[in-house]
Amino acid sequence: MSRLSPVHCALLCIVAWSFLPVASRAGQSQLDSFQFLFWTNVLSALAVGCTLKWRSVLRTLPIPGSLWLSSAGLGFLGCFFYYLCLYYGYSKTSATEVLIIQYLWPAMTAGLAILILKEPLNRYKGFGVLFGLIAALTVITRGEFNKIQAEAPDILAIVFIGALSFSLFSVLSKKEKQLFPSFNVFLYFFWAAIFSAIAQHIWSDFSWPSSTELIPLGLNGTLINGISYILWIHALNKTEASKIAPLVYLAPVLSVIWITVFFQEPFHSSYAIAIGLAIVSGLLVSKSPVSQSETSEDSHLHTETAKG
C-alpha cells in the first residue's frame, strides 16, 4: 500500500463507498438498522484484523490508556454513529436524497481541517468545496434552489448529523499517528462492534441475517467498510485532509448510477448537472499545491510504514 499515492488510495476507497447505498438497502430487507450495523462492524473488525501484521503490532504493546480512549471516541464517531444514522436513512427514505446529504461531509471535513488542524486554504480548495456543495444542493433540490423537495426532512436531518460525525472522525483521525494506521482502523471497528452490540441490546434484538442479506452484508462489512477504511486513513496520513476529502464527491456520481440501475429510482436532468459539478470539484482540488509541511510529513510516514 505504501507504493500507492494518496489520490490512488482515495479513489479506490471512493469506488468501494459508491456501492454503500446498494448494499445498505439490500442488506436491510429483514434486518433493522441496529442489527445491520452490528453485523457490519463485526465483519469489518475481522476483515481489517486479517490484514494486520500482528507480530509488528504486538511490539507496540502495552498501548497507553489515552490511545484506547481516543480510538474508542473515533470508533464511535466514524464507525458507529455515522453509519447508524446512514443505515437508518437508507432504510426509511429516498436513497438518492440520503446519498447527497451523506456526502456533505467532505465539505465539512475540509472546513474543520482548516479550523482544527490549521491547514492552509487556497483558491483551489475553496472553489472545489464550493462546487461540491452546489452539486449536492442541485441534486437535493432537483435544480430548484428556492425550495427543498425532500420526502422526509426529519430523517435527512439525522443523516446530516451523522455526516458531521464522520467529518469530525476524518479530521481527528489524522492526529492518530502513534500506532500503525491499519491497527488504528482495527481498533475503530473493534470499539464500534462493542457500541453496536450495546445499541442492539437496548433498542433492538439479536437476529441472524437472511440468506438474501448475506452477500450485501458480507460485501459491506469486508470491502465497502473494513478494507476501504485502511485506504482512507492511509490517504489522510499522507496528504492534507482538506485536499483529499473533496475528491469523495466522485462517489455520489457513481452511487446515483448504481441507485438508478438497481432500484430504478428516477434520474432527473439536474443529476447530470450535479455530476458535472462534482467532477469539476475533484479536478480543482487535485490541482491544489502540496505544502512543504505535508511533504516532510509524507517522508516521515513513509519511513515509519517501512519499519512496520
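Visitor: Which residues in α9 meet Y229, W232, I233 and L236 in α11?

Guide: On the α9 side they are F166, F169 and S170, where contact means heavy atoms within 4.5 Å. This is a predicted model, in which local features need pLDDT of at least 70 and side-chain atom pairs count only at pLDDT 80 or more, while totals for chains, interfaces and linings use all residues. Residues are numbered from 1 along each chain as its sequence is written, and side-chain values use heavy atoms, with hydrogens and water left out.

Visitor: At what angle do α9 and α11 pack?

Guide: Helix α9, residues 153-172, packs against helix α11, residues 211-238, at about 55°, and their axes (lines fitted to C-alpha atoms over the stretch in contact, with angles from 0 to 180 degrees between N-to-C directions) are 10 Å apart. That makes α9 oblique to α11, given that under 35 degrees counts as roughly parallel, over 145 as roughly antiparallel, 65 to 115 as roughly perpendicular and the rest as oblique.

Visitor: And how do α1 and α13 cross?

Guide: The axes of α1 (residues 6-17) and α13 (residues 250-263) come within 8 Å and cross at roughly 30°, so these two helices are roughly parallel to each other. L11, I14, V15 and W17 of α1 make the contact with L250, A251, L254 and S255 of α13.

Visitor: How many helices and strands are there overall?

Guide: The protein has 15 helices and 0 strands, both taken as DSSP runs numbered from the N terminus (H or I, at least four residues, for helices; E, at least two, for strands).

Visitor: Switching topic, how many aromatic pairs do you count?

Guide: The count comes to 23, with rings of Phe, Tyr and Trp (its six-membered ring) paired if their centres lie within 6.5 Å, and called stacked under 30 degrees between planes, edge-to-face over 60 and tilted otherwise. In one of them, F190 and W191 have ring centres 5.8 Å apart and planes at 70°, so the pair is edge-to-face.

Visitor: Which aromatic cluster is W191 part of?

Guide: W191 and F190 belong to one aromatic cluster with W68, F76, F80, F81, F183, F186 and F195. F190 is partly exposed at 35% relative accessibility, and W191 is partly exposed at 21%; buried means under 20% relative accessible area, exposed over 50% and partly exposed in between (1.4 Å probe, protein chains only).

Visitor: What share of the protein is buried?

Guide: Buried residues make up 53% of its 308 residues.

Visitor: Of contacts between residues at least 6 apart in sequence, what share joins residues at least 24 apart?

Guide: That share is 89% in this protein.
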